[in-house]
Amino acid sequence: MLGDPRIARVTGDVTAAVYRRTEDVGAERYPQHHGDGPVREAYCWSNLTSGNGSRALWLLLLPFMVVNLAHWMRPGTGGGGTAVRLYGVVVRLIALSLTALLTAAACEVALDLVAWQCAGAAECVGRRSWLGFLSPGQGGWWSQPGRRLALAALLPTALVGLLWYLSNRTWSAYESQRPLDREQTDDAPAPETDPTGVPAVRPALGRPGFWYGRRLVARLRAAHTAAGFLTVAAAVGGAAARYDRSAGDPLSAATGRFLETGLALCAIVVVAVVCRRGRSERRLDNRIDRAATSFLPATALALLCVTCVYASWSRPGWVSSGALPGEAVFGVLVLGQALLVVVLAGVALGLHRRTSDPRTTLRGLGGPAVAMLACALGGVMTGGVAQRVADWLDGPATPGMGGTSLVEGPPVLLSWQASVIPVLLLLLLVPVLWLVVRTARRARRLGPGIEAEYGPAHPDPGRTRQIARTMATAALTDSAPRIVGLVSGATLFLGAAAVAGSWISGQVPGLALDGAGPLVESVAGAAQATGSWLIGVGFILFVTWGRRAYRDVSARRTIGILWDVGTFWPRAAHPFAPPCYAERAVPDLSSRMCAWTGSTRGRLVISGHSQGSVLAAAAVWQLPDAARRQVALLTYGSPIERLYGRWFPAYFGPGPLQDLHRSVHCWRNLWRATDPIGGPVRIDEGGSPEVDRGPLRDPLVYGRTVAHPLPEPVLGHSDYQADPAFAVERAALLDRLGAALPRQATGKAETLSGDL
């Protein structure tokens, strides 16, 4: 970033820090030793997303991250209201259902497949000698079903405890840094006008508490941890209570009902805590809800322990057979998720009608579509784990198909969900082929315009095709909302069909459609086998990718780049999502800019590339008004409008971006037509200087020239600083700042880069 290997850390730590060239460290104290050019410094935050190898394991938290994104995709409304609060409540409930689904999947593997089905079948135990002490044939203390379930409950309980630990630890490492303390808060009078004379309005990202969600994260972490413990307790205690009621033992049956009532009451409290309130952004909220954060998880854990003791009572006549009772829970969870997504879609449409921004993704349905994808990812991971474990336990047989199967297999719903995956992939072939054809046609249409722009003496068809193909491919980014909407809609309807099929038939698709005709039977069998294979292989590849990233630095960096968008936003819906790096990076940048401008009264240009431009904008929003007027913004390859403005309109829509333009002294944005990520910010302020400059030429020259004797590459999203326009625009921004700010003898101009 600095173009010099001799660097020194100015401030920060090994995770994120500000650096300068060694010769520029004392620029403010010894201005006579430096020329009139700007002093460059760089903010390096890459370790926040692609640091040590354990970060690759965050891939397993992908559904939680995706549902957290849905919270921030709310359509812009220009204010709060009941609908805005309802939107947040529904997303938090969907997130809670994902925690219950993940825990239920762990219970399915440990309690149902291993402890109940395999350990209860002599032939399965014979092939798995390590389960011998659980076998009824051994007659040991652990051979009774309730005691096997209580022992197996250690696995899902440990998983929930691990998620709590990771959430608490990552918050301490990433998000515990308090933002900049400013004299001006939302409770104090706002400045009368901005630099253009328009009344100033503080957007959401400029609120003092936006990047400090300690109170909400702590409360949600407690609620989700309690929900996980309660899910395990329900799986263990439910089976024992059913047996006691059927056995006719009044005391045991009453105890079971008492425990089930306690679990239900605690679950109601969990839901109430999740729905109670959202984020407090208008001030730095350091308070902690001690009753929720301390007593709720402890109470749920205590109920789990009591339930395990209850299940361990001696029941000599209890024998495990078939599947563990309670598999209908998966159907209830999936159906509940679908209903919540439909409610969320209705709320989002109502909010979108208030503003009707035409560039908002899917007419305001981006959030519900992404929430549906989060539920689908959770279902795929759940089904993948259960299917693979069942196949492993069953040996050469196919679980759920009868015959020589050693175990009953996972819930029927998971097989139906796997069977619709091939159907979904076939449906996707049509839009994918359409995009391929449209991209090829677009590339052919761009050819003559490219040759007219460069005006080569001897056009090269291969070179023209290369540039045109890059431009056409970069435009595919704008088609992503349609694909997401199609996948989400198809997932919703196919998922509903899977639930209906499993509840009506009670059998896997291959058996449910037996006798419906040779063609239907073969299609059902092929869909079930292919879907089971795809869901299992997909999960294995998922884990393999994470393992490779753990060992391979380049692969880990790739995952870090993918994580940049997902973990930019605070954990407002799911506390077990990967940590938000912006809650560390944004206070870092705003504190540095505020401190430097306050001590030197100098001019500052903050430049950001790609995701760094989003951090730069968020940091500028956090600055006090006086400091913001000393700052110019230079963005390049920026997804601020193309990605964030369309998918997150409440925070980066036309209104907030226009407010940002008015609040800073000057802003310039560079973009290329070959860039698949960056684009224009589309701000038109009438008489004000334009923000966008582009599309820049890429490549700089068409063929070989005296100045460029070798072919220039098509850069796309990278190396914007190599374009001469970058230096020109940076100098112009400094000149525009200089016309409005007094120059001091000891003052220096500074450019702070936050590149990706």
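These legends accompany close-up views of a predicted model.

**View 1. The protein chain as a whole.** The protein chain has 756 residues, and 53% of them are buried. Its secondary structure comes to 24 helices and eight strands. Take the contacts in the chain with a separation of 6 or more: 79% of them join residues 24 or more positions apart. The chain exposes about 32,100 Å². Carbon and sulfur atoms supply 62% of that area.

**View 2. The largest nonpolar core.** This core holds 128 residues. F568, W569, F652 and W667 have the most contacts inside it. Helix α7, residues 214-247, provides the largest share of the core, with 14 residues. A second, separate core has 17 residues, among them A100, A104, V412 and L424.

**View 3. The surroundings of W569.** Which residues touch W569, leaving aside its neighbours within four places in sequence? Its partners include N68, L69 and W72. L205 and F210 are also in contact with W569.

**View 4. One aromatic cluster.** The cluster is formed by W45, W72, F210, W211, F568, W569, Y581, W621, Y644, F648, Y651 and F652.

View 5. A search of the whole structure finds 26 aromatic pairs. W72 and F210 form a tilted one, 5.4 Å centre to centre, with 55° between the planes. What does this pair tie together? W72 lies in helix α2 (residues 62-72), while F210 lies in the loop between α6 (154-175) and α7, so the pair links parts that are 138 residues apart in sequence. W72 counts as buried because its relative accessibility is 0%. F210 also has 0% relative accessibility, so F210 counts as buried.

**View 6. The pair Y644 and F648.** This aromatic pair is tilted too. The centres are 5.4 Å apart, and the angle between the planes is 35°. Are these residues buried or exposed? Y644 counts as buried, at 0% relative accessibility. F648 is buried as well, with a relative accessible area of 1%.

**View 7. Charged ends over rings.** The charged end of R147 sits over the ring of W141. The distance to the ring centre is 4.0 Å. Elsewhere, R315 places its charged end over the ring of Y310, 4.9 Å from the centre.

Methods:
Residues numbered from 1 in each chain as written. Predicted model: local features only at pLDDT ≥ 70, side-chain atom pairs only at ≥ 80, totals over all residues. Heavy atoms only, no water. Core = buried A, V, L, I, M, F, W, Y, C linked by side-chain atoms within 4.5 Å. Buried < 20%, exposed > 50% of the residue type's maximum accessible area, 1.4 Å probe, protein only. Helix = DSSP H or I, 4+ residues; strand = E, 2+ residues; numbered from the N terminus. Contact = heavy atoms within 4.5 Å. Areas by Shrake-Rupley, 256 points an atom, 1.4 Å probe, with all protein chains shown as cover. Phe/Tyr/Trp six-rings, centres within 6.5 Å; stacked < 30°, edge-to-face > 60°. Lys NZ or Arg CZ within 6 Å of the ring centre and 35° of its normal.
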